[in-house]
Amino acid sequence: MSMRIISIAVGTVMAIPMIVMTVWGAQVSMYTHEAMAVNQQIIDGTDDQSAYSTIPDIPRGPLDWLRDRRERNETTSATDLNNNRKVTIVEYHTISDVMQPDEALPNPAYQDVFMAARAPGLMINACENVLRTMATKCDVLGTDVTPIGTNLYRVRAYLAYAPDYDLGDFSTVANGDFVNGYTSFAEAGYIHEYPADTPEQRAAYMTQAVEICGRLRAEYGNCTVANVQLDQRIIGDDDLAKLPPGTQPERLEGQVSYAIFVDETQIDRKQIRSRIEELGLHDGI
Amino acid sequence: MADDPGQMEFAARLRRIEERRLADLEAQQPKGRRARKAQEKSYDLGPAPVARGDDVRLRNGIIWAGIFAVVGGAGFYGYKQMPEDYLASLMTMPSGDASGAGFSAASLSWSRSGSPQNRGPVREETTWGPSLNSPALMTIDGYENDVQAVAAHFTLMTDDTPPAAITTFARNSDCTLRRPAAHEKLVNIRMDDAALRAPVTAFSEGELGQAVFNYASAVTERMRLHDLTPYVAPEMRAVDIYLTDTSAPLYLLLQNNGDGTVWNLHPAPGVTIAHVASITPYTSGVAGGQADTTYEAIRFADFAYTSDGKWLPNEEGGCYPVPQRTRYDGWTDAVPDNEPERDAIQTQVAEEIAGISFRNDLTKRSEGINFVRPAGQTDWQPPTPEYVVYDAWFRTTLGVSADFNLISPRRAAHILAGPMPTTPIPHRPMAETTIHMMQDDYILAGTLETREAEVLTMKADLLLLAAGGDLANLDPAPMEVPTQ
């Protein structure tokens, strides 16, 4: 008798993941069908013209609840430094930017190594602006250095931050999911149409992002600035020659994404994303 | 009637029998309440006879073990197939306050798991030529099974047998080689890779910088320090060349298009090695030359670059010293052993016998080089097969076709370039030999352990210098708003 009970218990335990995988597979099939229909609408021009917000999100996998749990804990923590709250910065540098004033330039064969090893120390300085506008703590999560031509490097840094603004109340959401929405700063056709890349401009973007997040928090109960993307763009020499003298060649392009924790059985994520877009446009950023 | 003594005696006897029977029954009853209760519950008439083979527990246990093994095995391989990023995001703790406390020189370590050389079957026919491992020996006519039929006092070269000495010479900066003199005999050896491991490590500053850059990038992208490896460039390989042709001074042309190679020459008595010219992709060397032997070398990575698995010329002109091969279908032809035929490309045969990956490879090799003027041509040519371009360069440079007097295994540990000797020729071990290497920024000799330790030290020192003298700088401390 006891052997039978053990057998049933073991069989049930083994069957559960198989059942979960089967259900998830069915969900993915339904998602694929729906996504293809939406894609066809976009191609045919019969969609509601809000491109990204109409395409459904892929169903979460069976193990995603592990990540979701971690994501929620990290995003709702007021002090944690993690990948769910960050400022991403792209800049262009030469080897001289990472050398000490009295330090000789390294062997050209080793310059890439110096750049990669010293990029974190260079980019941590960008945390000053983050602390001034939206954070109590800031750290370099990682850097990515790409050599471009001779003695020029594209440096991408991910700066995690602990917010100094109120994230809102997550406890009121019983069956929540994070919904992400995006807005762009200063849409432009040409690089020179973007504002000059200065610390003040970066601070202005981050301040605006926090303000919009505050308005979203008032409407939905909570809001986190998930990522402020600040990309430096360089005006080429030929184009710079055609612009007024003194034009700064480094310009700033940016995007911000917000994360809002909602019960999607109560609020549609498309509505949230449209609202974020609307706020971004109306605020002229 | 009641007074009949016989009847009364009979009745008394019956009564005694009955009493005795009841007394026996009483004696068999279990004593005590509990025992009696147990007996009332039990309907067991005795243990049923169970044959040994009816015990199913062992069988069931084996079945369950099999089920768990299959499920566990599938789960393990599924886990292995998961992308690393996905696993890391699932399994690791949130990246919190990494203040660089874990980054130190002591964190850089390396443990060697062992790298056996001479892997694979001793002899294998491929459509790109025979692939031979020690002790098989490649010859002009085919192969021998045992190098000791040719080499006396043979010792296998390993990556732990350092040479007696190393000298260096400057490789050719021009895309050309000295032509064989009229009195010299060209011995033309061309292969993909040598099968043995060389006891030498060579690399440039650029290669060292690239290796450490890759490491530093990996660390700073995720702020995770991991093991530093003792590798900078592909490990050098080695091959024994036994020379027995005494008919004329030899002009040895040694070519490969895999890794850097040490060509270990063993000339028989009476052989004269006039000149050794080598064409290899990376730094290579020649051991066992004679006192008057001259050396030159082309490192074809100086004149060509790789793209999608192919070498393409840096310039559109006629410099294309990249060794190419025609396909060899020895095992598809009905020929006896030791009589391989070198055929032209047999596309139809390939399509019949080869799988999709080989067909893709053949297609890639047949696409040719665009925008090229093979040596000796004045006009731009349509997409030209690599072999044709290489052969044009060969003819222009050396005055003969690329398959002239050719010995061409795909891979070999030992090669006999010349007639089979009547008696084995002396095999000179590496420890008694000087290697003439192309110049490079770093050339290390020694046992594998010492070379690896030296490379690790070089990489660690460069990383430390790049990090400003402290590995903790790779992960600077977080900034905080000062608390009032």
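Colleague: How many residue pairs are in polar contact between chain B and chain A?

Modeller: Seven, counting pairs with both residues at pLDDT 80 or more. Bear in mind that this is a predicted model.

Colleague: Which elements give two or more residues to the side of chain B that touches chain A?

Modeller: Helices H3 (57-81), H4 (84-91), H5 (205-222) and H9 (448-466), plus strand S25 (479-480), all of chain B. H5(B) has the largest share, with eleven residues.

Colleague: What classes of residue does the side of chain B that touches chain A have?

Modeller: There are 25 nonpolar, ten polar and six charged residues. The contact takes 41 residues from chain B and 41 residues from chain A.

Colleague: What area do chain B and chain A bury between them?

Modeller: About 3200 Å², and 64% of it is on carbon and sulfur atoms.

Colleague: What makes strand S2 of chain A and S25(B) a pair?

Modeller: Pairing takes at least two bridges. S2 (residues 135-147) of chain A and S25(B) have two bridges, in the antiparallel sense, so they count as a pair. One bridge joins A:Lys137 to B:Glu480.

Colleague: What is the partner of S10(B), and in which sense do they pair?

Modeller: S24 (residues 442-445) of chain B, antiparallel, over four bridges. B:Ala202 is opposite B:Ile443 there. Along S10 (residues 200-203), B:Val200 and B:Ala202 point one way and B:Thr201 and B:Phe203 the other way; all are buried.

Colleague: Why is B:Ser408 called buried?

Modeller: Its relative accessible area is 9%, and buried means under 20%, so B:Ser408 qualifies. B:Ser408 is in the loop between S19 (406-407) and S20 (411-412) of chain B.

Colleague: What does the side chain of B:Ser408 reach?

Modeller: The backbone oxygen of B:Arg190, at 3.2 Å. The limit for a polar contact is 3.5 Å, and 3.2 Å is within it.

Colleague: How do you know whether A:Phe185 is buried or exposed?

Modeller: By the same cut-off of 20%: A:Phe185 has a relative accessible area of 1%, so it is buried. A:Phe185 lies in S4 (residues 176-185) of chain A. The C-alpha atoms of A:Phe185 and A:Gly254 are separated by 5.0 Å, although the two residues are 69 residues apart along the chain.

Colleague: And how much of chain B counts as buried?

Modeller: 42% of its 484 residues. The chain comes to nine helices and 25 strands. Among contacts in chain B with a separation of 6 or more, 72% involve residues 24 or more positions apart.

Technical notes
Residues are numbered from 1 along each chain as its sequence is written. Chains are lettered from A and ligands numbered from 1 in the order in which they are written. This is a predicted model: local features need pLDDT of at least 70, side-chain atom pairs count only at pLDDT 80 or more; totals for chains, interfaces and linings use all residues. Side-chain values use heavy atoms; hydrogens and water are left out. Buried means under 20% relative accessible area, exposed over 50%, partly exposed in between (1.4 Å probe, protein chains only). A polar contact is a pair of N or O atoms within 3.5 Å; within protein, one must be able to donate a hydrogen and the other to accept it, and residues adjacent in sequence count only if both atoms are side-chain atoms. Contact means heavy atoms within 4.5 Å. Buried area is the accessible area (1.4 Å probe) that two parts lose on being put together, summed over both. Ala, Val, Leu, Ile, Met, Phe, Trp, Tyr, Cys and Pro count as nonpolar, Asp, Glu, Lys and Arg as charged, and the others, Gly among them, as polar.
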